[in-house]
Amino acid sequence: MPRPETVLLDNIAGPADLRKMAAKDLPLLAEELRCETIDNVAQTGGHLGAGLGVVELTVALHYVFDTPYDRLIWDVGHQSYPHKIITGRRGKMRSLRQAGGLSGFTKRSESEYDPFGAGHSSTSISAGLGMAMAEKLQAEQDREAGRTHKKRNIIAVIGDGAMSSGMAFEAMNNAGALDANLIVVLNDNDMSIAPPTGAMSAYLARLASAPAYLALRGHARALSRKLPKFFSDTARKTEEYARGFLTGGTLFEELGFYYIGPIDGHNLSHLLPVLKNVRDHSAGSGGQMPVLIHVVTKKGKGYPPAEEARDKYHGVSRFDVKTGEQVKAAANAPSYTRVFADSLVEEARRDEKIVAITAAMPGGTGLDHFAEYFPRRMFDVGIAEGHAVTFAAGLAAEGFKPFVAIYSTFLQRGYDQIVHDVSLQGLPVRFAIDRAGFVGADGATHAGSFDTGFLTALPGFVVAAPADNLELMHIVRTAAAYNDGPISFRYPRGEGEMLDLPRRGEILPIGKGRLMREGSRLALLSFGTLLHEALAAAEALTAEGISTTVADARFAKPLDEELIARLAREHEALISLEEGASNGFGAQVLQFLSRKGLLDAAPGRMGLKIRTLTLPDSYLQHGEQKQVMAQIGLSAAGIVATAKAVLKGEI
Ligand SMILES: Cc1ncc(C[n+]2csc(CCOP(=O)(O)OP(=O)(O)O)c2C)c(N)n1
């Protein structure tokens, strides 16, 4: 497929070139940028629909504002590909999300045009407010010291999905009270990853369909009289925008924002004058107040396969530009996600108390499948992980059996709720932790590294990790049956081991591991899906004369103390394995062994050689899952190498 013609884009090395263009040429440039984005993502895979929806907005923002001096913050950052293309990264777009290549999100270390890194949602207004306050203080300090000060604009672009999160509200509430010079662009495409849920999306839909939006021109003069002084002059000239107070006042105004909109986010002749007005009239002209520009866009805009798809091509694998058909590797075995969802459906058929909760990820967590069977027992609470956890605690307090399915990385958002609302009260909330461990192309912001560490810290928590699909079925059933307190189980992204799966799992004894093979010199103790690497390593080691035991711990809390004590007593060396940070399972094992004196040398016995294999104490960048795991030694070959070095006394 030939690359698209990009006559104008070819002359844009950065936003400075863009600003030299005539405004009349911008629609064509936007079209080229759209084609370029499609062409790139077709080769690399990644986030597409969100980027396509903000092509005109991206052009308009860089045209009007003086980036990077003005700070442009993209919430989540998944829509930033067009921004990357016109901020000097066009030549590297084919390396997107690959080892050593560009990140799929915004990243401070990648470009001066990314003033704030992201990946998790709803942080942009808080970060922007911090920057706006830094600007305000700096301006005051410069004035007092007699230094010249160049006004800096701060712009946060946030989607309607991300806007529904608590953090966004906390930040807006604070911004109103601080009279901050902050510009929030609400990119309202009436979509999250899945269709948005909740009152916020209904509210925005009402605003967008209100008479003010539909009859802008007729009202423009009348409304310009009602604008605060610093807006009124230019507003009179700009008939293309209307204010939401014609709809009866907006939530944003109540929060202290000056609300503008809704405006058509694909129409540059609407976007440019509004952005210019806001730029020229915000800070410095007396009144400082945060401004919210409500922009209506279409996710997937301009690429028919994306516009027509149910998910608007939110995230795609590589695809054929002509047909939109995605290249999907043939699956050998069902994904962990799917096995979890099927198992939960199976349990829910037998127990009407089982309910399921997702925070805006019904497809990603497999709960869309659960909802096909039990639509009233599945709750999509929006991008609101903290709320999801406490909401589940409420259900559990009333005798229901909530399964909260959240990716490991996003569960971090709900930690205080896990501690204070669930653990402290001993409520039986079940945590299904998807995307545990290294996740590949999404990189450091999405790595599921910390859950074992932060959950094992909590008294009374049961913390499990199945080693394969079948074990996942067992733990889902076990969690359904376990009602004595909170329980979690983690499983990685991707396919499980190919196994003949029964219809239903079995109930496992809590805190009991299993011995997979018995040797005499070395013991490998695995927590989670590294078990299969451990078994392959044991095979290789035994073939070389190092008799190796392998055990599957199944639980990091409570530990199978009997099993672990035996492994410690009966082997020269013990190596624990997990795909998580160093304060997780291995740390629990070390604590236990030290507490029992099992690390000590005693008459007739050398001290135990023990090592914990974990993720490194650094943020791993994006890369191919298997390759990265091999590089950090969490592979059969890596385990063999570590084992030999330990036994030789080299490490
Ligand atoms: C804390 C957190 N939870 C979940 C996600 C996963 N996620 C990424 S994008 C997205 C939807 C965002 O919707 P919206 O803000 O409307 O942006 P759009 O993709 O529609 O442009 C979600 C749920 C995330 N990035 N961060």
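Which strands does helix 24 lie across? Before I answer, please keep in mind that what we are looking at is a predicted model. Helix 24, residues 531-543, lies across strand 14, strand 15, strand 16 and strand 18, and it runs at about 170° to strand 16. Helix 28, residues 636-647, also packs on the sheet, where it touches strand 15, strand 18 and strand 19, and its direction makes about 150° with that of strand 18.

Let me turn to the sheet itself, which is open and has five strands in the order 14-16-15-18-19, with mixed pairing. Strand 14 and strand 19 stand at the edges with a single partner strand each, and therefore one side of each has no neighbour in the sheet. On average, neighbouring strands here are turned by 20° against each other, direction ignored. If you look at strand 15 and strand 16, you will find them paired in the parallel sense over five bridges, with alanine 523 standing opposite threonine 549 of strand 16.

Now to the ligand, which is surrounded by 24 residues, the closest being Ala50, Ser121, Gly159, Gly161 and Ala162. By class, this shell has nine nonpolar, 11 polar and four charged residues, and it draws at least three residues from each of domain 1 (9-316) and domain 2 (336-490). Helix 7 gives the most to the shell, with three residues.

Finally, a pair of helices: the axes of helix 4 and helix 14 come within 10 Å and cross at roughly 35°, and the crossing is right-handed. Their contact includes Leu57 and Leu61 of helix 4 and Leu271 and Leu275 of helix 14, and by class it has 10 nonpolar, no polar and three charged residues.

Key: Residues numbered from 1 in each chain as written. Predicted model: local features only at pLDDT ≥ 70, side-chain atom pairs only at ≥ 80, totals over all residues. Near = placed C-beta within 6 Å. Helix = DSSP H or I, 4+ residues; strand = E, 2+ residues; numbered from the N terminus. Nonpolar A, V, L, I, M, F, W, Y, C, P; charged D, E, K, R; others polar. Domains from an automatic or database assignment. Axes fitted to C-alpha atoms, helices over the stretch in contact; angles between N-to-C directions. Left-handed = near helix turned anticlockwise from the far one by under 90°. Contact = placed C-beta atoms within 7 Å. Pairing = 2+ DSSP bridges.
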